[in-house]
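Student: Can we sit down with a protein model together? I'd like to learn how to read sheets and helices.
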Amino acid sequence: MPDLLTIDEALARVLEHARLLPDEEVRVAEGDGRVLAVDAVARVDLPPFASSAMDGFAVRAGDTPASLAVVGRSAAGLPADAVLEAGQAIAISTGAVVPAGADAVVPVERTRGGGSAVEVERVEPGENVRPRGGDIAAGAVVVPAGATCGPAQLGALAAVGLATVRCARRPRVAVLATGSELRPPGESLGPGQIYESNTVMLAAQLRRAGADAEVHGSVADDEDATRAALERGLDADVLLTSGGVSVGEHDLVRGLLGELGAVEVFWRVAVKPGKPVAFSTRGSTLVFGLPGNPVSSFVGFELLVRPALAALQGASDPRPAFLPGRLGMALPRNAARDELVRARTAADGLVQPIRGQESHMIARAAHANALVLVPRGSGELAAGSAVSWLPL
Ligand code: AMP
Ligand code: MG
């Protein structure tokens, strides 16, 4: 048997097949998780005018320290029309326009009085003045194409006056579970049955990856039913199936996908859990056959599907964002497969594997907030070893 593909090799093949989706206008207010298709450019200088960083008095720094005549007030949104002359002060609030003639603001804590006259301590020129354009200049790129928008990016886009941006449209992803043993949660279990848990899990992962999830429910391990369900799912940009990709006689998914015209790019990857994962394409549709074990599906999504969704949306770096860390306890290494170990990050900076690493143990996995990569090899990885881990 030829060597299995490594995770990186499998991911490279997935990314080769992920073609950028067309872009559309997206309201910034609805842009959370979306990837910019073109650079977003500031419409205004930010701040748009020289503004005060403090509540206090606008002055000429060269006058200070001094007792100054208070000749007006500049409030946020209601700038003073007065021009400041030598020997004068203008009361000012945070965010208000620094009046012409002033070059500094004395914070109120460093003043006394303040009716018609105010005693101010010494300030340096420019102190407590936010210069116009000090954050960004009009015309400059505020968030680049390929960036994924989170709260800070959306705040920046709004601050420079943008109400809409161009983003790749959300990938439409069909989700189909296979398995005659599967029952919907909420119903009662018959002999040999288990609750179907992969579609809710995958749908939540999909939403967080910016995709529109269409859950097609589950089908029994029956050729006609499975074929019909796959055919429906192949209309989407991406079809995710769970189960039915191993070597059992009820594992129908790969054969049926082939009959339906999908071309298999790979089957099986040197990863634990999730080795039987299959990837194929039909036209521009990407098809991931995830193994049914819930933790295998979960991990396969993070390693291969999430990056594919990022690439479809034009993310500049679609690969999983592993972080450096240190392993909290010694772990045996798998000779043939890289392993993704469910773990928790601890206050001491260590990532601590949780108990219960088998691929059916989704309840144990629910305690994890990290996947630690344990590269294949012999012997064990010692406690304290440098490792890469993926935040969940
Ligand atoms: P399979 O990949 O179809 O051989 O399934 C592997 C294991 O995962 C079996 O124990 C299945 O019962 C279980 N399984 C398959 N699909 C699901 C699902 N959607 N939800 C929960 N467990 C599943
Ligand atoms: Mg099955």
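Student: How many bridges join strand β13 to β16?

Tutor: Strands here are DSSP runs (E, at least two residues) and helices are too (H or I, at least four), numbered from the N terminus. Two strands pair if DSSP finds at least two bridges between them. In this case six bridges join β13 (residues 172–178) to β16, and the two run parallel. One example: T178 has V219 in β16 as its bridge partner.

Tutor: Keep in mind that this is a predicted model, where local features need pLDDT of at least 70 and side-chain atom pairs count only at 80 or more, while totals for chains, interfaces and linings use all residues. Residues are numbered from 1 along each chain as its sequence is written, chains are lettered from A and ligands numbered from 1 in the order written, and side-chain values use heavy atoms, without hydrogens and water.

Student: What is the strand order in the open sheet?

Tutor: Its six strands go β16-β13-β17-β21-β20-β18, with mixed pairing. β16 (212–219) and β18 (263–267) each have a single partner strand, so one side of each lacks a neighbour in the sheet.

Student: Which strands does helix α4 lie across?

Tutor: Contact means heavy atoms within 4.5 Å, and angles run from 0 to 180 degrees between N-to-C directions, with axes fitted to C-alpha atoms (for helices, over the stretch in contact). Helix α4 (residues 223–233) lies across β13, β16, β17 (238–242) and β20, at about 175 degrees to β16.

Student: At what angle do α3 and α6 cross?

Tutor: Roughly 25 degrees, with the axes of α3 (residues 198–208) and α6 (residues 294–312) coming within 10 Å.
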